[in-house]
Amino acid sequence: MRLTEAEVQELLEKADGWKLTDERWIAKKYRFQDYLQGIEFVRRIAAISENANHHPFISIDYKLITVKLSSWRAKGLTKLDFDLAKQYDEVYNQMKQGEGE
């Protein structure tokens with residue numbers, strides 16, 4: 001079910017670095033040390049997305065990965081979009097922690 005504007009704003013406040021675009025998308029840019037690390041991130045979030053049967057738009061610009069989420073059926077944002085955003089952030093944070101090892 002599509003979220004109200006107030007619900008979207010409340011969830012955005014808790015979402016680290018995610019921004020509302022065109023009033024129906026949330027988007028975030030992730031930066032990596034090298035190209036292949038970004039590709040690995042895309043692979044991991046693609047698997048999460050496939051399991052949820054909810055697929056983001058993903059842009060790969062060398063070491064910068066941009067992810068956009070929205071729900072076509074709901075014609076806007078749903079709780080699932082924000083749940084996936086949180087999971088993507090967890091993957092990114094795990095990968096960043098692994099850099100120092």
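Trainee: Which residue in β2 is the bridge partner of Thr-21?

Mentor: This is a predicted model, where local features need pLDDT of at least 70, side-chain atom pairs count only at pLDDT 80 or more, and totals for chains, interfaces and linings use all residues. Residues are numbered from 1 along each chain as its sequence is written, and side-chain values use heavy atoms, without hydrogens and water. β1 and β2 pair in the antiparallel sense over 3 bridges; strands are DSSP runs of E, at least two residues, helices are runs of H or I, at least four, both numbered from the N terminus, and a pair needs at least two DSSP bridges. In β2, the partner of Thr-21 is Trp-25.

Trainee: What phi does Glu-23 have?

Mentor: Most residues other than glycine have a negative phi. Glu-23, in the loop between β1 (19-21) and β2 (25-31), has a positive value, near 60°.

Trainee: Is Lys-75 buried or exposed?

Mentor: Lys-75 sits in the loop between β4 (64-69) and α3 (79-99). Buried means under 20% relative accessible area, exposed over 50%, partly exposed in between, with a 1.4 Å probe and protein chains only. At 57%, Lys-75 is exposed.

Trainee: Which strands stand at the edges of the sheet?

Mentor: The open antiparallel sheet has 4 strands in the order β1-β2-β4-β3. Two of them have a single partner strand each, so one side of each lacks a neighbour in the sheet: β1 and β3 (57-61).

Trainee: At what angle to β2 does α3 run?

Mentor: Axes are lines fitted to C-alpha atoms, for helices over the stretch in contact (heavy atoms within 4.5 Å), and angles run from 0 to 180 degrees between N-to-C directions. α3 lies across β2 and β4, and its angle to β2 is about 5°.
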